[in-house]
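Subject: Structure handover and findings

Hello,

Here is the structure for your files. My notes on it follow below.

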Amino acid sequence: MYPWKANYAIQLNRPEGGGQLGGNHIVFKKKQIHSQFFGTSDEGDLFLVDWTSRPTDENPKGEMVLKVWSSERSYRPCVGVDRSKFFDDIILVLYDFYFCIYKTNVDVPLISSMVISGAHITCGGFSPHRPGIIIIGRSDGNIDIWDFVDQTHKYIFQYPVAPNILTFLKFHEEIPNIIAVGDIQGTLHILELPKNLYKRSGTEEKVLIDLWDRECRRVDYVQKRWVLRDDVDKKAREKRDKEQQQAEVKKDSKKKDDDKTEDDLEELELSLIHISE
């Protein structure tokens, strides 16, 4: 017997000498023909890797990790990662108590979900049949169904699947109304979805494109506002420090004048005493 061995292995390192990058989950595009893939680290980062990267003018070190999204770094492994079947640049990352949707040309998440309570996320992913549907499995045996065409701040429906922790969720690629959910006891649950959760309208992709673009503009606006606020705060601190320094100088000058006046009075008093004698 021969042991199974990997045909190819790469060492992931953080760009610009940040140390090693521990992997957690990876996701490929179905039938992709390029050498790039997305993954998550054991510290909550999202990263993009090109395993055939070679030194170039733009990448002189030939680093395989092309980009790292660290804004949601939590020092815990991510629960999962998925890639939209409709938008190549939209990535879903599952954390313990919330999930984020990233766009590859934006450094921070476009959308961060509400933080769930009473349970934690264990599995989930994008629907391959409707671009706006995400289904999340939880440790309390429920699934949360999110429809971003309807609303983005909360799931539209919650369904109890089992009394145990859900561990795996998979959409059927060819039968759109079927999903499979596994629990920690090894039980497989086959669920049939209602028509509105797998039948998409003709304008749904356009609605989602408009949503991503609007969220990109919001993120850009918030980042610019933070820079502006930092500048305003910096100028306010500088003005406050300058006024404080001026007040201290004025106080020191007044103290010197008071000391000089006291010395003059003492000299005058001594001279009067001398004259009287």
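How many aromatic pairs does the structure hold? The structure holds ten, where rings of Phe, Tyr and Trp (its six-membered ring) pair if their centres lie within 6.5 Å, and planes under 30 degrees apart count as stacked, over 60 as edge-to-face and the rest as tilted.

This is a predicted model, in which local features need pLDDT of at least 70, side-chain atom pairs count only at pLDDT 80 or more, and totals for chains, interfaces and linings use all residues. Residues are numbered from 1 along each chain as its sequence is written, and side-chain values use heavy atoms, with hydrogens and water left out.

Aromatic cluster

One of the pairs joins phenylalanine 99 and tryptophan 146: the ring centres are 5.0 Å apart and the planes stand at 85 degrees, so the pair is edge-to-face. Phenylalanine 99 is in strand β7 (residues 99–103) and tryptophan 146 in strand β11 (residues 142–147), so the pair ties together parts 47 residues apart in sequence. Strands (E, at least two residues) and helices (H or I, at least four) are DSSP runs, numbered from the N terminus. Phenylalanine 99 counts as buried at 2% relative accessibility, and tryptophan 146 counts as buried at 3%. Buried means under 20% relative accessible area, exposed over 50%, and partly exposed in between (1.4 Å probe, protein chains only).

Tryptophan 146 also pairs with phenylalanine 148, with centres 6.0 Å apart and planes at 20 degrees, so this pair is stacked. Phe99, Trp146, Phe148 and Tyr155 form one aromatic cluster. The charged end of lysine 154 sits over the ring of tyrosine 155, 5.8 Å from its centre; the test is NZ of Lys or CZ of Arg within 6 Å of the ring centre and within 35 degrees of the ring normal.

Cavity and pocket

Grid points are joined across faces, edges and corners, and a volume is the space filled by probe spheres set on the points.

There is one cavity of 30 Å³ or more. The largest cavity has a volume of about 40 Å³, and its lining includes Phe99 and Trp146. β10 (133–138) and β11 each supply at least two residues of that lining.

The largest pocket has a volume of about 600 Å³. Its lining has 26 residues, of which Val27, Val81, Asp82, Lys85 and Lys170 lie nearest its centre. The largest share of the lining, five residues, comes from β13.

Backbone and chain

Lysine 31 has a phi near 60 degrees, a positive value in a residue other than glycine. Lysine 31 lies in the loop between β1 and β2 (36–41) and is exposed, with a relative accessible area of 77%. Tyrosine 75, also not a glycine, has a positive phi of about 60 degrees. Tyrosine 75 is in the loop between β4 (65–69) and β5 and is exposed at 60%.

The protein chain has one helix and 15 strands. Of its 277 residues, 37% count as buried.

Regards

Methods
1 Å grid on protein atoms, 1.4 Å probe; cavity = no way out; pocket = protein on both sides within 12 Å on 5 of 7 lines; lining within 4 Å.
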